Amino acid sequence: MGVLGDLTRTRILLLLERQELTVAELCQILQAPQSTVSRHLKALGDADWVASRAEATSRLYSLAREGIDPDARRLWQLVRTQVADVATAVQDGHRLDDVLTRRRSRSQEFFSSTAGQWDRVRAELFGQSFHWQALLGLLDTEWVVGDLGCGTGQTAEALASSAAQVIAVDDSPAMLQAARRRLRGCANVDLRRGRLEALPIDDAALDAATCVLVLHHLPEPGPALAEAARVLKPGGRLLVVDMLPHDRETYRQQMGHVWLGFPEEEMHCLLTSAGFDNVRIRALPSDADAQGPALFAAAARRRGRARSQNGKRNH
Ligand SMILES: C[S@@+](CC[C@H](N)C(=O)[O-])C[C@H]1O[C@@H](n2cnc3c(N)ncnc32)[C@H](O)[C@@H]1O
């Protein structure tokens, strides 16, 4: 009971119940330093909850399947039902999926050497992220795109390379000043001060809009999403990026977060109530060295029929 009475240790057991993992992988998933993870693994190993085996130069840890007495096993079943739905543990599950995806691509690299070498050579020569920049070329060059809650203008800068015009809105003079500096060279970005709940943009002025890492600051995201629907053309696209549910209470004081992430169903409901359809929500893979909670991207379409350029309705 003493050993299981610690959330980090139960998170480790939940992960090791699903998958054999190395210390480095556990560090990535738990976003904890190696010393902390090793200390907890030692405590779990001393109490026979965890087994380990050597493979090549690594040591792999798993939940001990044998040697645990039936009472202890029942105790674990009880603890795991309490812990499995805690937001931190759910976030761990997302990061475990990412670690397994990376592991699979490492083994693909090993087993199919030509394809594996190409991935390495491609990254060495050109880096990991150029194709994300290049994909912006798929935007229609006649589009007017809004960046709602633009902050210092990173998203607006990326959009400016491919859209006709970007209207970037934020309520904070300091953020807008930093955005102005960043976007000095982007003549097609129009920076406007305003609130998401009363956007300084005409009705149906935008073809698409982004709202990146903003909604968790708003006590009521519904009216802001309804405003986004108002300024989008019928058929226009909205992309919301924000956090999946987490339990980092300190973010409330440190960064003024109102929402500790959004469950998928809640985001779906907020978007459909605000006038959107075709809602698609997906968890985003997290960078190996990212320390924050896992993110999602929600894409949705402003309800109503889009009009083609000659004024006819598109079906
Ligand atoms: C965490 S920052 C994210 C900025 C940017 N989208 C990014 O991805 O880097 C959140 C931004 O939302 C802005 N913001 C928060 N509440 C707002 C509101 N009600 N109306 C307009 N902007 C708001 C803040 O000023 C801040 O710049």
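**Exercise 1. State how many helices and how many strands the protein chain has.**

Solution. The secondary structure comprises 12 helices and nine strands. Here helices (H or I, at least four residues) and strands (E, at least two) are DSSP runs, numbered from the N terminus. The model is predicted: local features need pLDDT of at least 70, side-chain atom pairs count only at pLDDT 80 or more, and totals for chains, interfaces and linings use all residues. Residues are numbered from 1 along each chain as its sequence is written.

**Exercise 2. Describe how β4 and β5 are arranged.**

Solution. Step one: strand β4 (residues 165-170) pairs with strand β5 (residues 189-193) in the parallel sense, over five bridges; strands pair if DSSP finds at least two bridges between them. Step two: opposite Val166 stands Val189 in β5.

**Exercise 3. Identify the domains and describe their contact.**

Solution. Step one: the chain is divided into domain 1 (7-124) and domain 2 (130-302), with bounds from an automatic or database domain assignment. Step two: the C-alpha centres of the two domains lie 34 Å apart. Step three: 11 residues from domain 1 and 13 residues from domain 2 form the contact, where two residues are in contact if their C-beta atoms, placed from the backbone, lie within 7 Å. Step four: on the side of domain 1 that touches domain 2, helix α5 (residues 87-111) gives the most, with eight residues.
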